[in-house]
Amino acid sequence: MANPLKLYLTCVRNTLEAALCLQNFPCQEVERHNKPEVELKTSPELLLNPVLICRNEAEKCLIETSINSLRISLKVKQADELENILAKKFLRFLSMRAEAFQVLRRKPVQGYDISFLITNYHCEEMQKQKLIDFIVQFMEDIDKEISELKMSVSTRGRLVASEFLKQFL
Amino acid sequence: MASFERASPALKETLLRIYNAEKPIEVDHHLYEFSSVEYYIKSSVSEPFTYLSISTPLLSRGVFPSHRLSPCTLRTIREISSDVLDIVEPPTDGYQLTLRLDFSKLPHNKESLKVITEVSSVQAVILSSQLKERLQNVNSWDMSQGMYVIREPFYVIRQPRKIVAVFPMRFKDHSDVIIATSFFQELMDVRSSGKWSKIPPCNWSPIPPPELRGELFEDLSTNGGFVSFDISSHHVEVKRLDKTVWSLLNFHGYVKHHVKCTRGFIQRRMRRRMDSLVQVLEKSMIENNEEIKRVKGWKKVKKWMKLTSKSKMIKGKYHDFTKKMKRIRFRVKIHGFGCFRRRWLTIACFSSSVGYSKLKKH
């Protein structure tokens, strides 16, 4: 893993370890309701300061925490048009299948490519360290996958172009 | 529209069925392909011939009339097999060409399959013969240009010592445009490498090339740019002319097929990657569920113990019942025998469910 990426992911990991201390907290507004406070943002005393970690202008991670939930939003690197459409397609594909991931949000936060919502119930069902490992590995895998997809598309295009031009021989 | 395979599969299958039939059969089929090509096959028991009529779009602006086939095209069709095939004049109403096929003159070997395949590719012959006529005289000083429209229009521009074929590319989806643009750039890169020097030079530009100055605006409005091939005399030699023409006719279809396959490939990769990501998340959950399963296992042991104690109760009740039955059966009672039996005739029990032995008072 390259050094700048390692530093970025380490920073995200440390922030998540500090932020992922969630507890059950019923809604103060409505009786017998239990809602993720980070989504509603109705009670400012239940929200912590959001943390924005930027690797560069194009890549950043926003971590918003509240007493019973945590929201992580990621902006993925997109160097050119092809990476742009590949990232868009892939992240939209994952978001549409958010139920398979449980902690994934169906719609990303505005200005970001993908978002996670972790509640206290997820922390009870899953191990905290493994959850953080998943998020960090997800960030690493997304970058890798988009680069591999771009290379595969280019390689395929080259092979198909060669086959087409061979017909003229 | 030209397809990658020259012979129409449905037409070939029908003609083979008629040829392989032991006795003449009645056939009256209409076949439609690519929403613009129509075949009409008629064969009857009373006649020894089979009639094949073809209707295919032949649009070209400013070069040949669009409703009739050129003499060169008709000559090329006759060359498929002069014994088996004959052109019927005038053609059937609504069709541009009617052929009379005499299968009795087909040789009974592998040649017959080859002839039937060539007859099935007559639509490809018609399409390519028009373009062949244009490309054959590359060195002619006659400067002209024409637009061929089958489904997707493309231009053929005659210049000194070369002919330029320009393809305006249009796509419905923005992502298709990006994939196709990447393909066109690879096409140019491959052509510019040393070993492909014999191939027509190709070029892609997002704006119309200078050769298309003066054409209608709606014909030049595209989202995928313009791809052009420079055809020289070397590429239209007798041996290569057919391949060159077929490649140019199929260029649009080739690009669209590649874009479609690439989208499918991207979808498959995304699905595989998603499965691997979900497995990582499930690992964080599985260990928790294993611990829960162990707790459930302890509860199961408790349930089993409850069941065994119940069975002991049932056994005890059965024992009491059988005792009562024995008492009723044995009417002869000996006083004191019961005490004697209990003291001297019962087997001592060394294991106690209570865990201690009760001492009797003497």
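A polar contact is a pair of N or O atoms within 3.5 Å; within protein, one must be able to donate a hydrogen and the other to accept it, and residues adjacent in sequence count only if both atoms are side-chain atoms. With that rule, 7 residue pairs (both at pLDDT 80 or more) turn up in polar contact across the interface of chain A and chain B. pLDDT is the predictor's confidence in each residue, from 0 to 100.

This is a predicted model: local features need pLDDT of at least 70, side-chain atom pairs count only at pLDDT 80 or more, and totals for chains, interfaces and linings use all residues. Residues are numbered from 1 along each chain as its sequence is written, chains are lettered from A and ligands numbered from 1 in the order in which they are written, and side-chain values use heavy atoms, with hydrogens and water left out.

**Where the chains meet**

Let's stay with the interface. There, 42 residues of chain A are in contact (heavy atoms within 4.5 Å) with 43 residues of chain B. The rule also finds 5 salt bridges across the interface, a salt bridge being a side-chain nitrogen of Lys or Arg within 4 Å of a carboxyl oxygen of Asp or Glu. One of them joins Glu145(A) to Arg269(B), with the closest N and O atoms 3.3 Å apart.

Which helices does chain A bring along? α3 (81–96), α4 (98–101), α5 (120–125) and α6 (128–166) of chain A each supply at least two residues of the side that touches chain B. The largest share, 22 residues, comes from α6(A). Helices (H or I, at least four residues) and strands (E, at least two) are DSSP runs, numbered from the N terminus.

**A sheet in chain B**

Over in chain B, 5 strands form an open antiparallel sheet in the order β1-β2-β3-β6-β5; two strands pair if DSSP finds at least two bridges between them. β1 (27–33) and β5 (85–87) of chain B are at the edges with a single partner strand each, so one side of each has no neighbour in the sheet. Inside the sheet, β3 (residues 50–55) and β6 (residues 97–101) of chain B pair over 5 bridges, and Thr50(B) has Leu101(B) as its bridge partner in β6(B).

**How confident is the predictor?**

The complex gets an ipTM of 0.88 and a pTM of 0.76.

| Part of chain B | Mean pLDDT |
|---|---|
| Chain B | 79 |
| Strand β4 (residues 59–60), lowest | 54 |
| Helix α5 (residues 174–192), highest | 93 |
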